[in-house]
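User: I've got a model open and would like to talk through its contacts. Could you take my questions one by one?

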Amino acid sequence: MLNVGPWNRLPLTIRWLEQELAKDFSDFKVPPIHMPICYGPVISKKVAKQHNSDSDPEDLHKRIKYCYICNEEIFDNKELTCLNSECDLVSHIICLSKHFLDPGEYVPVEGVCPKCKETFLWGDIVRKYKGCYGTLNLTLNVNGDDFYSSDSD
């Protein structure tokens with residue numbers, strides 16, 4: 001199922017809850033490279049929401065942001081930013097997803113940031129957009145089997 005559309009394009013994580021019950025994928029079809037394999041229980045953490053003060057109109061004007069891709073204003077603090085902490089890309093989520101898509105695709109898997117030219121997984125960008133990763137500087141590592149690792153790495 002993980003190698004058949006539409007699931008093969010989704011940013012899924014394969015998780016073995018009990019490591020001693022894990023099966024080696026060499027006996028089966030190997031899942032797509034963008035699906036990490038993790039071991040251990042899921043640990044849920046609440047992400048604190050940031051509250052912005054809209055009391056000063058001058059501050060509000062300074063906070064207005066424009067999409068790097070379409071040059072339109074981004075409303076309601078719904079901007080998407082690059083995973084590279086040194087890149088100041090700001091865009092609408094739909095604009096960047098369209099930039100990452102190839103013709104005929106509906107869900108991006110990975111893409112190149114139009115500003116810093118680094119390659120990132122779409123699932124990681126959405127996770128950051130949703131509040132995960134904080135200020136981490138993440139890059140795509142697909143060298144050999146290093147991509148498949150546990151959460152403790």
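Analyst: Here are some questions and answers on this structure. It's a predicted model, so bear in mind that local features need pLDDT of at least 70, side-chain atom pairs count only at pLDDT 80 or more, and totals for chains, interfaces and linings use all residues. Residues are numbered from 1 along each chain as its sequence is written, and side-chain values use heavy atoms, with hydrogens and water left out.

User: What share of the residues of the protein chain counts as buried?

Analyst: Buried means under 20% relative accessible area, exposed over 50%, and partly exposed in between (1.4 Å probe, protein chains only). The accessible surface, by the Shrake-Rupley method with a 1.4 Å probe and, for residues, only the protein chains shown as cover, comes to about 11,100 Å². Carbon and sulfur atoms own 53% of that surface. Of the 153 residues, the buried share is 24%.

User: Which elements do the buried residues of α2 pack against?

Analyst: Helix α2 covers residues 93-100, and Cys95, Leu96, Ser97 and Phe100 are buried in it. A contact here means heavy atoms within 4.5 Å. The packing partners are β5 (80-81), β6 (90-91), β7 (110-112), β8 (119-121) and α3 (122-129).

User: What geometry does the aromatic pair of Phe100 and Trp122 have?

Analyst: Rings of Phe, Tyr and Trp (its six-membered ring) pair if their centres lie within 6.5 Å; planes under 30 degrees apart count as stacked, over 60 as edge-to-face and the rest as tilted. Searching the whole structure turns up one aromatic pair. The ring centres of Phe100 and Trp122 sit 5.6 Å apart with planes at 70 degrees, so the pair is edge-to-face.

User: How many residues apart are Phe100 and Trp122, and are they buried or exposed?

Analyst: Phe100 belongs to helix α2 and Trp122 to helix α3, so to speak two distant parts of the chain linked by this pair, 22 residues apart. As for cover, both Phe100 and Trp122 are buried.

User: How many disulfides does a search of the whole structure find?

Analyst: A disulfide is a pair of cysteine sulfur atoms within 2.5 Å. For Cys67, buried with a relative accessible area of 1%, the nearest cysteine sulfur is that of Cys70, 3.7 Å away. Cys82 is buried too, at 5%, and its nearest cysteine sulfur, that of Cys113, is 3.8 Å away. The count of disulfides is zero.

User: Where does Lys65 lie, the salt-bridge partner of Glu79?

Analyst: The closest N and O atoms of Glu79 and Lys65 are 3.4 Å apart. Glu79 lies in the loop between β4 (73-74) and β5, and the pair ties together parts 14 residues apart in sequence. Lys65 is partly exposed at 34%, and its place is strand β3 (residues 65-66).

User: Which residues make the nonpolar surface patch?

Analyst: Patches are made of residues with over 30% relative accessible area and no salt bridge: like charges are joined within 9 Å, nonpolar side chains (Val, Leu, Ile, Met, Phe, Trp, Tyr) within 5 Å. Val4, in the segment before β1 (14-16), is partly exposed at 48%. The patch is about 330 Å², and its members are Met1, Val4 and Trp7.

Key
Helix = DSSP H or I, 4+ residues; strand = E, 2+ residues; numbered from the N terminus. Salt bridge = Lys/Arg side-chain N within 4 Å of Asp/Glu carboxyl O.
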